[in-house]
2 protein chains.
Amino acid sequence: MTSTSEAQLAAAQRQDAGAERVLTVALLGGGTVGSQVARILLDDAEALTARAGARLELAGIAVRNVGAPRDVELPRELYTTDAEGLVARADLVIELMGGIEPARTHILAALRHGASVVTGNKALLAQDGATLFDEADANDAELNFEAAVAGAIPIIRPIRESLSGDRITRVLGIVNGTTNFILDSMDTTGAQFADVLAEAQRLGYAEADPTADVEGLDAAAKAAILASLAFHTRVSLDDVRCEGITKVSAADIAAAQDAGMTIKLLAIAELVADGAHGAGTGKGEGVSVRVHPTLLPRTHPLAAVHGAYNAVFVEAENAGSLMFYGAGAGGAPTASAIMGDVVTTARRIVAGSPGRAGTATRVLPIVGPESITTSYSVGLEVADQPGVLSRVASVFAQHGVSIETMRQQIHGTEKAGGAGAAADKDPAGRGEGASRAELRFVTHRATEAALAATVADIKNLDVVESVTSVLRVEGV
Amino acid sequence: MTSTSEAQLAAAQRQDAGAERVLTVALLGGGTVGSQVARILLDDAEALTARAGARLELAGIAVRNVGAPRDVELPRELYTTDAEGLVARADLVIELMGGIEPARTHILAALRHGASVVTGNKALLAQDGATLFDEADANDAELNFEAAVAGAIPIIRPIRESLSGDRITRVLGIVNGTTNFILDSMDTTGAQFADVLAEAQRLGYAEADPTADVEGLDAAAKAAILASLAFHTRVSLDDVRCEGITKVSAADIAAAQDAGMTIKLLAIAELVADGAHGAGTGKGEGVSVRVHPTLLPRTHPLAAVHGAYNAVFVEAENAGSLMFYGAGAGGAPTASAIMGDVVTTARRIVAGSPGRAGTATRVLPIVGPESITTSYSVGLEVADQPGVLSRVASVFAQHGVSIETMRQQIHGTEKAGGAGAAADKDPAGRGEGASRAELRFVTHRATEAALAATVADIKNLDVVESVTSVLRVEGV
């Protein structure tokens, strides 16, 4: 009757109960990923029971249309349109409907009655994660979402757990397979964006309406989630500055290649000096979260991520640089991430004590782009005449933007006629068929405001035809 | 007085208790990693308390000599030689002594009184992990060891948790920084092993006695740990077939480069058909675990892992190919991995329910090298005369070993005299100064026995001077 023997008895009972335990699993969504998850739950039941410490009983799959054709052959009686009823009797809910509603309502209902939830719903988490985390904590339930970022790549758990004793300073992610496929194809073939997009659509790598991918919105949702976890604060989609890849041209890619670089769409989350106190004053920390096409040196580990693959590069004070690489989408890879969460969550339910879902231990201000400094690549089409470089350079200098490198490429229209054609050059430099030069500058770190003012003044120079591109540079 | 209000009250009490909770931490070992861990515990106390849900109070650092000089300046009163007393009053023990004893005794003592343990002790885990896991489970304590494999790279947790709903089929790891540094330097400079090893020792990348690294023993311990976790079985160091890099020559590296490949020391853990039933019969599964120098195509993600970096490549049925990359050693990176385990373990202690340490849910037979098929690269020095290739090829054929590619390089000693020297060739082909050819074969998959028999017979051919190298090939 000592407390020790009571503890031992309790432990023994817990083990006995664990051996017999059955957890009722509700699956919301019967699409590509849902079908794969159901297949794994049914086919690998024995191994999953051994690993989870409980039998995972799939009670049903909530879908909009029970009779719709499916990728995977599953027992008909599993399908139901009654998501609410299914959620009400579940110990563990797997939400794969996507979108905000009714996914949000079902997840909150599950958490409120103490069921744990596994989801891959990045849009919902980026928009309203805080509400969900609070509800999970209030009910001692778990909310896990490894599949929401970078598909099968374990990145959520490493950031939340493995790096929980370190100080993450920066996360750079290739987290959208469609845009990486497009940029990688442009890099390989030299083709223009529109042509590669059409090919990607034909091959099924891009959707008929590619907006969410190519405008960077999908990546922005993932950036918000990564930033929240990495910096133990709360970041929502509205906090993410976002620019897509639709303006990246074949000329940008070619210029990047000439400079030993490549262009990737990166989700960037950075710990920076708090802009409210003035950048660099060290008076407080803030977070910058952004998505934009980025020039990267070809020697950077992220530059070697080809095709539709994803990778997340993490910099931490003690760990140094880490990279996580793998398939970022697809039914089976995403199902793998979901099932990892399901087994781990089930283990904790069996152990009697889910972990806390809320990861925010502080509130860091969001630092706007005006306070962030980055390197820029600026491409100009100018008249090929003496003194142009000096005039352009003086504009950079006026705004305090320091130039790291400059490359010039002369491509006058007459030159196509032969080597001697250059002698025919119109001395005014602006006439029909006058030769042009392309200048590509890479700057040292500058603020967006300084760069914008520089570009505005450069555009007003009479020797400048156009500013052909402005791209941010990382990793140099 | 409803059960709901009781549950809410209990949750609130748990939260209150968590806010006040103090966990007593004992640190065993004050070396490079131990000093960094102590520094983080003291300097980042506030952030760690917020993330762990409890204050982590460093009660002491057990060392052999309290007065010894240390890398990091820490309060003198923390040091003690009484490891046993320190362990006895700890909630959480961090073991960084290394080696088998007294580390093993202290870990078992901690687990027996219900304290959880975080360790980076790969040698102990590879030799006696099963005993430690059983003791942890018997006492409802946690045993975590992320730092034991690949330093700061989160790989233990992803395999144990993130991939727990998938079926891992193969793990290929560059898990020893010293040997990767040496092979990478040989690849870059063309130098011989002995010269690069001396340079690595001078730079501090290799120890004065480099045996554990260059003979593959360090990698073998990590291979045993990875195989145990990946395949949910028990693998100890004795089960690992191990070959180091001391025989890798500059000529091997050059030949690899000619073939578009590189040589890496890989820790390989594979799920294979059980050798006891005959490979490929599908009657049962087994595990093959080995460490050896391996030819890899330069396009393989592991080929891009340079210097002392580590990386682990995981193939799983649903997730596909994943890679985890980062710093594999060093005080701060290893301390990052230790602290991730410390915070995560503390969270679970606060939640009242540690997870189960034991990960073995089945017993898979170890499949010996005799049942494993791999591709091989075989280098021969032969007389440069007609018919040699055909005679060598027929020996491969006799043993059922199929040739995928062959490259020939002629380097007769006379040829150094000038282009015309080839005409002076000794027709017997064996005389003083006769010209030699080097043949490099890459085979299709073959058993080690078939390859060994082939090599033995090739050595007996009178036209063969020597077998210069036999290397395994992966990733083709």
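**Figure 1. Salt bridges between chain B and chain A.** In this predicted model, four salt bridges are counted between chain B and chain A. In one salt bridge, the side chain of Glu161(A) meets that of Arg157(B), with an N to O distance of 3.3 Å. Polar contacts across the interface of the two chains join 20 residue pairs.

**Figure 2. The side of chain B that touches chain A.** Elements giving two or more residues to this side of chain B include the helices α1 (3–20), α2 (32–43) and α7 (156–162), and the strand β12 (320–327). The largest share, ten residues, is supplied by α13(B). Sorted by class, this side of chain B holds 22 nonpolar, 13 polar and twelve charged residues.

**Figure 3. Extent of the interface.** In total, 47 residues of chain B contact 47 residues of chain A. About 3,900 Å² is buried between chain B and chain A, and 49% of it lies on carbon and sulfur atoms. The copies meet through the same surface, because 100% of the interface residues of chain B are also interface residues in chain A.

**Figure 4. Relation of the two copies.**

Figure 5. Glu448(B) is part of helix α15 (residues 448–459) of chain B. Glu448(B) counts as buried because its relative accessibility is 19%, under the 20% cut-off. Beyond its neighbours within four places in sequence, Glu448(B) contacts Arg241(B), Pro369(B), Ile372(B), Tyr376(B) and Arg472(B).

Notes
Residues numbered from 1 in each chain as written. Chains lettered and ligands numbered in written order. Predicted model: local features only at pLDDT ≥ 70, side-chain atom pairs only at ≥ 80, totals over all residues. Heavy atoms only, no water. Helix = DSSP H or I, 4+ residues; strand = E, 2+ residues; numbered from the N terminus. Buried < 20%, exposed > 50% of the residue type's maximum accessible area, 1.4 Å probe, protein only. Contact = heavy atoms within 4.5 Å. Buried area = accessible area lost by both parts, 1.4 Å probe. Polar contact = N/O pair within 3.5 Å; in protein donor to acceptor, adjacent residues only side chain to side chain. Nonpolar A, V, L, I, M, F, W, Y, C, P; charged D, E, K, R; others polar.
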